[in-house]
Amino acid sequence: MAGNRTFTMIKPDAFAAGNSGAILKMIEEAGFKIVALKATQLTPELAGKFYAVHKERPFYADLCKYMSSGPIIAAILEKENAVEDFRTLIGATNPANAAEGTIRKIFATSIEANAVHGSDSDENAEIEGNFFFNQFDRVR
Ligand code: RTP
Ligand code: MG
């Protein structure tokens with residue numbers, strides 16, 4: 001496999017709506033290879049740890065509650081230019097501003113319940129992937 005890696009979550013809103021398969025299909029059709037995948041559910045504490053960078057933001061408490069409100073899918077994806085290309089595929093944080101054809105434009109319901117997460121740097125992709133997966137849970 002060629003390229004570098006990013007980390008994604010299918011968030012509770014999209015999982016509950018039964019959109020996980022459709023979202024994974026869009027991800028694969030965009031050229032990303034799945035190198036790790038699981039369904040799981042965060043506790044509020046783990047969501048807080050994952051999003052600790054936002055702990056001073058006004059939306060932090062709501063975000064931790066929402067991200068632990070139901071099952072999610074966590075995945076590591078591989079492609080050339082993975083981080084940037086994946087952020088393009090998912091679209092803007094607020095679905096009202098997301099470009100046509102992006103995952104958030106199609107599946108998100110609000111700025112918070114915005115269907116998917118995508119890492120914002122190579123460094124964070126590595127940290128976030130390691131948060132969910134050990135070395136035996138992924139393709140080498
Ligand atoms: P993500 O980290 O989930 O991929 O999203 P992002 O980079 O596009 O946005 P970020 O600024 O990192 O925010 C993380 C998540 O917090 C929720 N949020 N709510 N109510 C609000 O104003 C607000 N702003 C952000 C969203 O779920 C966002 O994806
Ligand atoms: Mg972010």
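Me: In which sense do strand 1 and strand 4 pair, and over how many bridges?
Reply: This is a predicted model, in which local features need pLDDT of at least 70, side-chain atom pairs count only at pLDDT 80 or more, and totals for chains, interfaces and linings use all residues. Residues are numbered from 1 along each chain as its sequence is written, while chains are lettered from A and ligands numbered from 1 in the order in which they are written. Strands here are DSSP runs of E with at least two residues, helices are runs of H or I with at least four, and both are numbered from the N terminus; two strands pair if DSSP finds at least two bridges between them. Strand 4 covers residues 116-118, and its pairing with strand 1 is antiparallel, over three bridges.

Me: Which residue of strand 4 does Thr-8 stand opposite?
Reply: Let's look at one position in strand 4. There, the residue opposite Thr-8 is Gly-118.

Me: In what order do the four strands form the open sheet?
Reply: The pairing in this sheet is antiparallel, and the order is 2-3-1-4. Strand 2 (33-40) and strand 4 are the edge strands, as each pairs on one side only. With that, the order asked for is 2-3-1-4.

Me: How many of the seven residues of strand 1 are buried?
Reply: A residue is buried if 20 or more other C-beta atoms, placed from the backbone, lie within 10 Å of its own; 12 or fewer makes it exposed, and in between it is partly exposed. Strand 1 is mostly covered, and its count of buried residues is six.

Me: At about what angle does helix 7 run to strand 1?
Reply: Axes are lines fitted to C-alpha atoms, for helices over the stretch in contact (C-beta atoms placed from the backbone, within 7 Å), and angles run from 0 to 180 degrees between N-to-C directions. Helix 7 lies across strand 1, strand 2 and strand 3, and its angle to strand 1 is about 55°.

Terms used:
Two residues are in contact if their C-beta atoms, placed from the backbone, lie within 7 Å.
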